[in-house]
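Here is a short report on one protein model.

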Amino acid sequence: IITVVQAGLLALLAVAEHSREFEKIIELSQRYPALCDNVNVLSRPCLVFLSPDVFLSVLQDLDAALPIIEKYKDQLVAIGEVGLDFTPRYVRSDTDKENQRLVLIRQAQIAKELDLPLNVHSRSAGRPTIQLLKEQGVKKALLHAFDGKPSVAMEGVKAGYFFSIPPSIIRSEQKQKLVKQLPLENICLETDSPALGPEKQVRNEPKNICVSAEYISKIKGVSLEKVMEVTTQNALQLFPKLKAAIRR
């Protein structure tokens, strides 16, 4: 928390990897109420309701998470991290792909019912993920660390989706090409800590979000201040509940 304050961050959006972490994130956000009030830092939970083997979850896993969603629905900023992962680690057959799609469809339905955005993972599945979101009528979505082609990302831009860029952009030609084509108005910043840092195999930290902003400013040929302002407004547009965490 102190490192975050020193870095000048106004708010944190914390994403659980599995349901066991969710209560811990809630507790963390409640442990520092005075600090949050005084220095404008707030850890806001973003619910994930997948099994520990994230992309091997099934619809029954969602049923078990529904009571948690109902209990904390007023505190939720988004539904995520959800999505499709078609890498060989998670997919061995078309059945595996279909199971993932069924889960994501149900998660999208829940997000719409609660009027919350989706935080979406789409490794090796950029086009089918964006297509599914559009088919399900999802209007508010953040595609984090998108690994697809810029032309595929532009399909998401047309649908009004946002794309968040991690500090690993400084060592990723794919991310650099992506940012070059994406409109700044569709870009958000992320760290995905402790992964996707500026140095491979080195633990990433929330303060490294400035690395993303600085590199985007170079690629876009605009000032760092412009990148910070536009990406902040994009985040507040996508996650309006974060406004309560920031005192202007």
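This is a predicted model: local features need pLDDT of at least 70, side-chain atom pairs count only at pLDDT 80 or more; totals for chains, interfaces and linings use all residues.

Residues are numbered from 1 along each chain as its sequence is written, and side-chain values use heavy atoms, with hydrogens and water left out.

The protein has ten helices and seven strands. Helices (H or I, at least four residues) and strands (E, at least two) are DSSP runs, numbered from the N terminus. Of the 248 residues, 46% are buried. Buried means under 20% relative accessible area, exposed over 50%, and partly exposed in between (1.4 Å probe, protein chains only). Contacts are heavy atoms within 4.5 Å. Among contacts between residues at least 6 apart in sequence, 68% join residues at least 24 apart.

Helix α8 spans residues 173-181, and its residues Lys175, Leu178 and Val179 are buried. They lie on the same side of α8, because they cover an arc of only 95° around the axis. That arc is taken from the directions from the helix axis to the C-beta atoms. Glu173 and Lys180 are exposed, on the face turned away from the buried side of α8. The buried residues of α8 pack against these elements:

| Element | Residues |
|---|---|
| α7 | 150-158 |
| β6 | 162-165 |
| β7 | 187-189 |
| α9 | 209-220 |

The whole structure holds zero disulfides, a disulfide being a pair of cysteine sulfur atoms within 2.5 Å. Cysteine 188 is buried, at 3% relative accessibility. Cysteine 210 is partly exposed, at 38%.
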